[in-house]
Amino acid sequence: KGSGFFGSYPPQYLKRVSTLFPEALEWAVMHLFSGSLPASDAYTRVDLRGRPDYTLDAHELRTKFSRRAFNLIYADPPYNKDAATRYGFPMINRKLVLEQCSAVLQPGGFVVWLDTVWPMISKKHLVLVGAIGILRSQNHVGRFCFIMEKKGLV
């Protein structure tokens, strides 16, 4: 069962996708658009709503976090303007947010982006290394977990 919050991660999603990154227990991890996630020493929550560790616009990550501050970023942005309106915020600029993620990500680090569309991003920022389709049930919007890596010297 989910959190009951509109737009929250699908049930078991985080538990399952986290198995792709077993070394993340030793990494600096950000949950962007964290919404209803509980507090934890294992990750940093960033959002404009709920009770995040940092109340911050995702378009401005570089203003708060230093370059290369994270090894892994999980992101579950609003999927469309209707969802963003329901949250009480304007729709994000996916490309700009992903550029911000790249700026605070270590080379060799990953962004795990849950969305209904594959967002535009320059390969100089992030490279797609995998995609996993997620079907919750009939009559629900299908989503993809896009896994992107920041290339460069480690």
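## Lys-95 and its partner

Let's begin with a single side chain in this predicted model. Lys-95 has a relative accessible area of 40%, so Lys-95 counts as partly exposed. Lys-95 forms a salt bridge with Glu-99, and the closest N and O atoms of the pair are 3.3 Å apart. Both residues belong to helix α4, where they sit 4 residues apart, about one turn of the helix.

At the start of α4, a side-chain oxygen of Asn-93 comes to within 3.2 Å of the backbone nitrogen of Lys-95.

## A mostly covered helix

How many of the residues of α4 are buried? The count is 8 of 10, which leaves the helix mostly covered. Arg-94, Val-97, Leu-98 and Glu-99 are among the buried ones, and so are Gln-100, Cys-101, Ser-102 and Ala-103. The cover over these residues includes the strands β1, β4, β5 and β7, along with α2 (61-64).

The structure holds 4 salt bridges. Side chains of opposite charge can pair when their charged atoms come close. Another of these bridges joins Asp-115 to Arg-94, with the closest N and O atoms 2.7 Å apart. This pair links distant parts of the chain, since Asp-115 lies in strand β5 and Arg-94 in helix α4, 21 residues apart. Are these two residues buried or exposed? Both Asp-115 and Arg-94 are buried.

Lys-151 and Glu-149 also meet in a salt bridge, at 3.1 Å from N to O. Lys-151 is partly exposed, because its relative accessible area is 48%. Glu-149 has a relative accessibility of 16%, so Glu-149 counts as buried.

The largest nonpolar core has 23 residues, and the members that touch the most others are Met-30, Leu-32, Leu-61, Ile-73, Val-111 and Trp-113. Two or more residues of this core come from each of β1 (29-32), β4 (70-75), α4 (94-103), β5 (105-115) and β7 (143-149). There is also a second, separate core of 17 residues, which includes Val-17, Val-29, Ile-134 and Ile-147.

## Strand β1 and its neighbours

In β1, Val-29 and His-31 point one way while Met-30 and Leu-32 point the other way, and all are buried. β1 runs parallel to β4, and 4 bridges join the two. Within that pairing, Leu-32 has Ala-75 as its bridge partner in β4. β1 also runs parallel to β2, to which 3 bridges join it.

Which residue of β2 is the bridge partner of His-31? The partner is Arg-45, a residue of strand β2 (residues 44-47). Arg-45 has a relative accessible area of 8%, and therefore counts as buried. Its side chain reaches the backbone oxygen of Arg-51 at 2.8 Å.

Leaving aside neighbours within four places in sequence, the contacts of Arg-45 include His-31, Ser-34, Leu-37, Pro-38 and Ala-39. Arg-51, Pro-52, Asp-53 and Tyr-54 are also in contact with Arg-45.

Conventions: Residues are numbered from 1 along each chain as its sequence is written. This is a predicted model: local features need pLDDT of at least 70, side-chain atom pairs count only at pLDDT 80 or more; totals for chains, interfaces and linings use all residues. Side-chain values use heavy atoms; hydrogens and water are left out. A nonpolar core is a set of buried Ala, Val, Leu, Ile, Met, Phe, Trp, Tyr and Cys residues joined through side-chain atoms within 4.5 Å. Buried means under 20% relative accessible area, exposed over 50%, partly exposed in between (1.4 Å probe, protein chains only). Contact means heavy atoms within 4.5 Å. A polar contact is a pair of N or O atoms within 3.5 Å; within protein, one must be able to donate a hydrogen and the other to accept it, and residues adjacent in sequence count only if both atoms are side-chain atoms. A salt bridge is a side-chain nitrogen of Lys or Arg within 4 Å of a carboxyl oxygen of Asp or Glu. Two strands pair if DSSP finds at least two bridges between them.
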